[in-house]
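Please read them alongside the sequence and the coordinates.

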Amino acid sequence: MAAFRGDHLVFADLSFRLEPGGALVLIGRNGSGKTTLLRLIAGLMPRAAGDVLWSGEDALADLPSHGLRLAYLGHQDALKLGLTAVENLALWARVGKEGRAVAIEDALAAVGLEDLAHLPARMLSAGQRRRVAIARLLVSGAVLWLLDEPTTALDTASVARLGGLAAAHRAAGGMVIAATHLDLPLPGATEFSLS
Amino acid sequence: MMRVLAREVRLSLRHGADTVAVLLFFIVAAGLFPLAVGPEPVMLGRLAPGTIWVCALLAALLPLDRLFGADFEDGSLDQLLLSGLPPSLMALAKAAAHWVTTGLPLLIVAGPVAIMLRMPPDALGPLLLGLLPGTLTLSLLGTVGAALVIGARRGGVLLPLLVLPLATPVLIFGAAAASAALTHLSPRPELLLLMALFVLALPLCPLAAGAAARAAAE
């Protein structure tokens, strides 16, 4: 795969594959194209060359259904500050989708926010907002998690909790691709260097 | 799609000040005309259809730059594009939400404002009948404009420049329908043309807005 950002060639000749239950950690200096690669996999960025294959088929041919397979945690938490945590998650919940999705209350409990579920997101701290965004991964029921600096603003307990959630997700056959500078607790993850 | 629509409407209700600001702008702007052109009932009555149409058009533009702008800034636009909904249906939901929170309230207060401007009562029906497809078309056109200026630094200024020229046919036929009723002609041809504009915009505008929203995310 290769991708341009404007006129600037961010990366070229990349190739990797991920099996069910696998995890990939993207490492590289600032500006090495970690976010670009994640957005390219999500179908949010056009690619200059190469293919994204899902079970051997072109994943980007049908973007809406590709979107259902993945959950993207970007730099921004994508929360509406006027809505409560539960309301924020309600739009993205896909209950009954492959039996993988978690109920909203359970997802908030999994990130330790069950007591704050009915507070407007405006009242939450940056780390708590990040945890609501992580709860969105759970309620989406997506197979592939794309995490862009998931640990931003998280305390060490929450980072460990995220590691546990990712491990459970992989044990159920899910996949994780994470871009990070910090050590993420992803045991057995393949490291992929972009530089 | 209904969930996106419900989310948008719920967000606007939570930020109810936006809808109220649109209505107040509409009423205040229409209220300026008697002050500027004088209070003679005959003159005001003749100007009323055009006044109401111009004010409604400008008021409907007010909330447009937040239609996609807020979602773009907080990252929700990416999530909407990944929600499994085709971008065009997402844009259609946005347009519908804009109409429910802007067009519909304008339609409701347009009657009282028209009476305030001394418009003869027999022109009221054609005015409101024209505003129904008119505001719907404006919401669709506005969604295209809003999607095109996503991420632009001076989007708020650019947006009216993009949308107002596209909205002129709606304005012409809408005001003409009500004016025709003032001169005891049938407003039917103008109303049918307004419907035609709406039917044309209904499939085309969401497609264009959806493509623009996807391009903006890149």
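1. Two residues are in contact if their C-beta atoms, placed from the backbone, lie within 7 Å. With that cut-off, contacts in chain A between residues at least 6 apart in sequence are made up as follows: 72% join residues at least 24 apart. The model is predicted.

2. Overall form of chain A. Its secondary structure amounts to 6 helices and 9 strands. Along the principal axes, the C-alpha atoms of chain A fill a box of roughly 45 × 35 × 35 Å. The radius of gyration of chain A is 16 Å, which agrees with the value near 16 Å that a compact globule of 195 residues would have. Of these 195 residues, 41% count as buried.

3. The contact between the chains. Chain A brings 20 residues to it and chain B brings 18 residues. On the side of chain A that touches chain B, helix H2 (63-69) and strand S6 (70-73) each supply at least two residues. H2(A) gives the most to that side, with 4 residues. By class, the side of chain A that touches chain B holds 13 nonpolar, 5 polar and 2 charged residues.

4. The largest nonpolar core. Which of its 122 residues touch the most other members? They are Ala135(A) and Leu146(A), together with Ile52(B), Ala56(B) and Ala147(B). Helix H6 of chain B (residues 87-116) gives the most to this core, with 12 residues.

5. Surroundings of Ala56(B). Neighbours within four places in sequence are left aside here; Ala56(B) is then in contact with Phe26(B), Leu106(B), Ala110(B), Leu131(B) and Thr135(B). Ala56(B) is also one of the residues of the largest nonpolar core that touch the most other members.

6. Backbone angle at Ala153(A). Most residues other than glycine have a negative phi. Ala153(A) has a phi near 70 degrees, a positive value in a residue other than glycine. Ala153(A) lies in the loop between strand S7 (144-148) and helix H6 (156-171) of chain A. Buried, partly exposed or exposed: which describes Ala153(A)? Ala153(A) is partly exposed, because 14 other C-beta atoms lie within 10 Å.

7. Backbone angle at His184(B). His184(B) is not a glycine, yet its phi is positive, at about 60 degrees. In chain B, the loop between helix H8 (155-182) and helix H9 (188-217) holds His184(B). His184(B) has 9 other C-beta atoms within 10 Å and is therefore exposed; the cut-off for exposed is 12 or fewer.

Note on methods
Residues are numbered from 1 along each chain as its sequence is written. Chains are lettered from A and ligands numbered from 1 in the order in which they are written. This is a predicted model: local features need pLDDT of at least 70, side-chain atom pairs count only at pLDDT 80 or more; totals for chains, interfaces and linings use all residues. A residue is buried if 20 or more other C-beta atoms lie within 10 Å of its own, exposed if 12 or fewer, and partly exposed in between; C-beta atoms are placed from the backbone. The radius of gyration is taken over C-alpha atoms; the globule rule is 2.2 Å times the number of residues to the power 0.38. Ala, Val, Leu, Ile, Met, Phe, Trp, Tyr, Cys and Pro count as nonpolar, Asp, Glu, Lys and Arg as charged, and the others, Gly among them, as polar. A nonpolar core is a set of buried Ala, Val, Leu, Ile, Met, Phe, Trp, Tyr and Cys residues joined through C-beta atoms within 7 Å.
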